[in-house]
Amino acid sequence: MISLLTLASLRHLLRHPLQLLLAVLGISLGVAVVVAVDLANESARRSFLLSSQLVNGTATHTLSRAGATLPEDLYRRLRVELGLRRIAPMVEGYVAASLRPETSLHLIGVDPFAEFEFRGDGLASAAWSADLGALMTQPGAVLISTGLAATLGVGIGDSIDMITGGGVQPVRVAGLIETEDNALSMDRFVLSDISTAQELLTQTGQLNRIDFWIPADLESQWNGRLSGHLPRGMELEAVGTRNQATLRLAGSFQLNLTAMSLLALVVGMFLIYNTMTFSVVQRRPLLGRLRALGVTRNQLTRIILLEALLLGLAGTILGLLTGIVLGHGLLGLVSRTMGDLYYDLSVVAFSVPALSVMKAITLGMLATMAAAWVPAREAAQAPASAVLQRSDLEQRTRRMVPRLATAGVFVLLLATLVLVLSGRSLLLGFGGLFMLILGCALLTPGALILMAGPARTLGARFFGFLGRMASRDITRHLSRTGVATAALMVAVATSIGVGVMVDSFRGSVALWLGERLNADLYLTPVRFNAGNADLTLEPGLLGRVRTVEGVGSVGSYRRLPLDLLGWPTQLIVLNPTPEIQSAYRFKSSRPEGPWTAFESGTGLMISEPLAYRHGLRVNDLLDLPTPEGKLSLPITGVFYDYGSEHGMVLIHESIYRRYWPDPAMASLGIYADTPDLTTLTRRIETAVADLQPVSITPSRAIREQSMAIFDRTFTITNVLRALAVLVAFVGVVSALMAMLLDRSREFAVLRANGLTSGELGGLMSLETLFLGASAGLLAIPTGLMLAWVLIFVINRRAFGWTMQFQVDPGIVFQAVLLAVIAAILAGLYPAWRLARTPPSVVLRSD
Amino acid sequence: MSDATDMVSLRGVSKSFEEGGHPRPVLTALDLHAQTGQILALLGRSGAGKSTLLNLISGMELPDLGEVFVNNTPVHALDERSRTLFRRREVGFVFQFFNLIPTLTVLENLLLPMELNLRTDADRARALLTRVGLADRAGSFPDRLSGGEQQRIAIARSLAHDPPLLLADEPTGNLDAETGEQIMDLLFGTVREHGKTLLMVTHSQELARRADRALILRGGALVDALL
């Protein structure tokens, strides 16, 4: 049976439905943001694994070659000469249907007969459910899913024009694949046999990889059998290891998102703390009566914690449901960023893992209970007789201010120590960041007292006696205003911190793009999208461009994926003209400069993130995996780069030609001798027309495209920032509103003594205005400190980038304005309510 | 030790409060003895320390010096938790502003002290409500009652768990004269009927005259009132 104490407490909650609703809303929004990000992250991770599972099936290992294809003959030798039966070839690449050129399709070429027995539930086995005969016997035959067929409006026997590396080629739909499980949707796959895929991708006689099914206990035996038969540069790699390495790429990005969402929860925790503190403060007389009746401190603590538990439970459940809806929306943003930056997501499937639900419940409940613990203890520790006295609470709060300030300084010092001494630990970096927020929050009540003096002078000057009264009330009710101001300050500071960080990042990237893209025009093969970024230029094209009138100099460039030190990185092949050399800015280099050894092919250069991640420095030797085996070269320079957090290795074209079988380049940077770039573009297009369709783009357009991708990447960050602000907004409005409603009696006394309802509204608005403005002003230094830590500690540790610190006053102004607006809005309802209620009614009620 | 017949015994009790950084003495070497079944009225000016005296007797505050015995329990020597449990068991309160729990019904307000003492007895609670003339308001919440009715409920509540000692802090201070008179009849009647000891703070000399003994708190010490 429910005890009377519990009953009294529950009825108290139900008697204040607006406060209850706002408190639950505050908790639920905090939890929802965390759940949404967790689900979006988890779903993106699971989507990648599903994509991998679809392509790989149950293959345990894969044989591939760094930045190159495998000769088809190798597969024949392994199967015939070594007698390996549990292997299967695969050709893969990206195409697009001309009807929908913006959607990249993953083309997979398989040999269904080679792998029928052991591929498992993968994509290849699906071929067996369709018309296999047609697939194997008809040229240009492909299988697509029923979903894709419906999207493209085609059926069996219809032809589709596919945009491929070699131009537009027709394929014929030989069959449709039915998929029962939505999570394993095959709508972004096109399946063909090996030869059709080779034709479409213009790689006749070449495979992308050979998949192996090796029982775990026979792994070393297989390695033994293979050794000596594999050409140099080829590696047999476990699929699981490869997947993990790929997933690790996005680890920092996902951790950052999680931390951002936790920031929303921290803001939420302040608000829960505020709500619970207020709930306790509001009931001090009631708690005093209970203490007088013999209710012990522990019983009081338990009652308040039980309330918090119920609020937390309601908020968490609501937050969980909201989070699932929100997560579904965020998944699009997260997976698009993943696709842009990290790995292919041919399948995007939203899922709600039980673990995520458990995490959300635990986090929501723990956050609420932790936030409620202090007010619960505070209420219970007060002497029984003093609980009845309001003045006692305010006096004790005032007495606590120096202690809080001391604790704040101590926590800030500790945060500094953690940030300085935690090396490269990202988690400890976040720990330091959260301590910084806590430290500043602890200093807030003290700062509020210091600001009260000037506020009083200004208030009296501009608003007369109302201004004086309002500013005095802020410090007179410090037990409530202190926490509310701290909560609002943290929320606004978070907004400033993240805003300045993103803006600084954007500024750094814009500067870097301006320096790096210093050619006038860039020439690449025609691409329909990023899916076939590895298209190369025809031999002879470079020579042809150089002869065009108006072309000054030409630099060539190629980018290849490279597995380096266990991380997928990028290999950049460069033929650096002096103009290209001037486009690179170095963090460190050899005394004689980085380019001398580079140009002679006796050194390489690496990007800052790669150097940071692996602790590499100038003159260190780097083992570069090449198709011809390992190549050790010294590092001649470390350059700034924001193009890839995975890192880049820069080598000279001469090394590339020596060690890689495909010496083609992928793009050209053209420096013009003429200001008329339109005419020059036309001339170049004419000069190379018979060789290859090319795309010539001015550097300005590339810069704009790059910035558009940057902004797209940070859409999710800005959404989270907005959500954190929303959490704060709701919480602060509720906290301030509750605070004012609680003082109804006091305001009614003022009304009874002759204050008009307009003056009372003015008084309440001025109080909230002072509070909002104080929180906004205090949020500026805190927000800038947060931004500094985010830029120089968090981003550096997560991505290895050095960014410049730039503050847009607009961001700061917006944030402060937001604080003031939230605070003023909070005062409207109580002012309206009090204006409508005769003071006698308020004064009569107990 | 206290006298065996004393329900309340205070010896050499001093208490001061800090105000503006300076101690302000309220009670100075105060002695008080109230026998079982006795009704004692405490008079004195506002701020004289009457409520502080009740707080010391109930264990809500501790003396700076001296001893407080209630029903032979050395309240001054108990830790905070023991004092709370002592208060729960031995003391019933009647406040000037009633101090009922607004979120509990009238009946539940009476049941609360019983529940805290693990002796819930709804029949006894209803009997007490009948005694104070409010049996028909058992399901009402306190804010639906008049001041006089609330104070009658407060008296019933103070007796609900059958404590030997009742402390009343200006029980009629918030009521009109006629209602106050009725309330005091009720309080005195039920106290005598149940054989309780009552310590009552009041400003009314008329009320004090109805007590077995009246004391005035002046200059931190108690003197017999000549009424």
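# A guided reading of chains A and B

Visitor: What share of the 227 residues of chain B counts as buried?

Guide: Buried residues make up 48% of the 227 in chain B. A residue is buried if 20 or more other C-beta atoms lie within 10 Å of its own, exposed if 12 or fewer, and partly exposed in between, with C-beta atoms placed from the backbone. This is a predicted model, in which local features need pLDDT of at least 70 and side-chain atom pairs count only at pLDDT 80 or more, while totals for chains, interfaces and linings use all residues. Residues are numbered from 1 along each chain as its sequence is written, and chains are lettered from A and ligands numbered from 1 in the order in which they are written.

Visitor: How many helices and strands are there in chain B?

Guide: Chain B has seven helices and 10 strands. Both are DSSP runs numbered from the N terminus: helices are H or I with at least four residues, strands are E with at least two. Taking the contacts in chain B between residues at least 6 apart in sequence, 68% join residues at least 24 apart.

Visitor: In what order do the six strands of the open sheet in chain B stand?

Guide: Strands pair if DSSP finds at least two bridges between them. In chain B the order is β6-β7-β8-β3-β9-β10, with mixed pairing. The edges are β6 (91-94) and β10 (221-224) of chain B, each of which pairs on one side only. Direction ignored, neighbouring strands of this sheet are turned by 25° against each other on average.

Visitor: Which helix lies across β6 and β7 of chain B?

Guide: That is α5 (residues 147-160) of chain B, which runs at about 175° to β6(B). Axes are lines fitted to C-alpha atoms, for helices over the stretch in contact, and angles run from 0 to 180 degrees between N-to-C directions.

Visitor: Which residues on the two faces of strand β10 of chain A are buried?

Guide: In a regular strand the side chains alternate between the two faces of the sheet. For β10 (residues 209-212) of chain A, A:R209 and A:D211 are buried on one side and A:I210 and A:F212 on the other. Strand β1 (residues 61-65) of chain A runs antiparallel to β10(A), joined by three bridges, and A:T62 stands opposite A:D211. Strand β3 (residues 87-97) of chain A is also antiparallel to β10(A), with four bridges; there A:P89 stands opposite A:I210.

Visitor: How many residues does the largest nonpolar core have?

Guide: In soluble globular proteins, nonpolar side chains tend to be buried together. A nonpolar core is a set of buried Ala, Val, Leu, Ile, Met, Phe, Trp, Tyr and Cys residues joined through C-beta atoms within 7 Å. Here the largest has 215 residues, and A:V492 and A:A819 have the most contacts inside it. Helix α27 (residues 757-799) of chain A gives the most to this core, 20 residues. Leaving aside neighbours within four places in sequence, A:A819 is in contact with residues including A:L488, A:V492 and A:G772. A second, separate core of 46 residues includes A:A519, A:V554, A:L562 and A:I635.

Visitor: How many residues of chain B are in contact with chain A?

Guide: There are 21 in chain B, touching 19 residues of chain A. On the chain B side, α2 (80-90) and α3 (106-116) each supply at least two residues, and α3(B) has the largest share, six residues.

Visitor: Why is B:A29 exposed?

Guide: B:A29 is exposed because 12 other C-beta atoms lie within 10 Å. The residue lies in strand β2 (residues 22-35) of chain B, and its phi is near 40°, a positive value in a residue other than glycine.

Visitor: Where is A:F714 found?

Guide: A:F714 is in the loop between α24 (699-713) and α25 (715-742) of chain A. With 19 other C-beta atoms within 10 Å, A:F714 is partly exposed. The C-alpha atoms of A:F714 and A:V502 are separated by 7.6 Å, although the two are 212 residues apart along the chain.

Terms used: Two residues are in contact if their C-beta atoms, placed from the backbone, lie within 7 Å.
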